[in-house]
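Here is a short briefing for a first look. Keep the sequence and the 3D view open as you read.

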Amino acid sequence: MLEDGFKSNRYGAVLGNLSDHGYLENTEVDMLLKNYLSTHTINFDRTSDAKAKIVTEALIDNYHRIKGNP
């Protein structure tokens, strides 16, 4: 899902990358970021299960890329 070679320590950058590749709409990115900024946790209120799964998998993939794990 994430662009080849992409990795970031910023949640917003990961969401932006997913949006750039058509996995999330801008409104969904805005809502997820707003939720994160207001609660300081990643939550998927008002997000479909399919989109939550995409974001979760991308975050796990990004974590492995940062840590250098395959």
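**Salt bridges and helices**

Glu 57 is partly exposed, with a relative accessible area of 36%. Its salt-bridge partner is Lys 53. The model is a predicted one. The notes below cover charged pairs, a helix crossing and a nonpolar patch.

**Charged pairs**

- Side chains of opposite charge can pair when their charged atoms come close.
- The count is 3 salt bridges.
- Glu 28 and Lys 51 form a salt bridge, at 3.1 Å from N to O. Glu 28 belongs to helix α2 and Lys 51 to helix α3, so this pair ties together parts that are 23 residues apart in sequence.
- Between Glu 57 and Lys 53, the closest N and O atoms are 3.9 Å apart. Both residues sit in helix α3, 4 residues apart, which means about one helical turn between them. Lys 53 is exposed, at 54% relative accessibility.
- Arg 65 and Asp 61 also meet in a salt bridge, at 3.0 Å from N to O. They lie 4 residues apart in helix α3, about one turn. Arg 65 is partly exposed at 22% relative accessible area, and Asp 61 is partly exposed at 28%.

**Helix crossing**

- The axes of helix α1 (residues 11–20) and helix α3 (residues 49–67) come within 10 Å and cross at roughly 120°. That angle makes α1 oblique to α3.
- The crossing of α1 past α3 is right-handed.

**Nonpolar patch**

- Tyr 36, Leu 37 and Ile 42 make a nonpolar surface patch of about 280 Å².
- Leu 37 lies in helix α2 (residues 26–39). Leu 37 is exposed, with a relative accessible area of 60%.

Notes
Residues are numbered from 1 along each chain as its sequence is written. This is a predicted model: local features need pLDDT of at least 70, side-chain atom pairs count only at pLDDT 80 or more; totals for chains, interfaces and linings use all residues. Side-chain values use heavy atoms; hydrogens and water are left out. Patches are made of residues with over 30% relative accessible area and no salt bridge: like charges are joined within 9 Å, nonpolar side chains (Val, Leu, Ile, Met, Phe, Trp, Tyr) within 5 Å. Accessible areas come from the Shrake-Rupley method with a 1.4 Å probe; for residues, only the protein chains shown count as cover. A salt bridge is a side-chain nitrogen of Lys or Arg within 4 Å of a carboxyl oxygen of Asp or Glu. Helices (H or I, at least four residues) and strands (E, at least two) are DSSP runs, numbered from the N terminus. Buried means under 20% relative accessible area, exposed over 50%, partly exposed in between (1.4 Å probe, protein chains only). Axes are lines fitted to C-alpha atoms, for helices over the stretch in contact, and angles run from 0 to 180 degrees between N-to-C directions. Angles under 35 degrees count as roughly parallel, over 145 as roughly antiparallel, 65 to 115 as roughly perpendicular and the rest as oblique. A crossing is left-handed if the near helix is turned anticlockwise from the far one by less than a right angle, and right-handed if clockwise.
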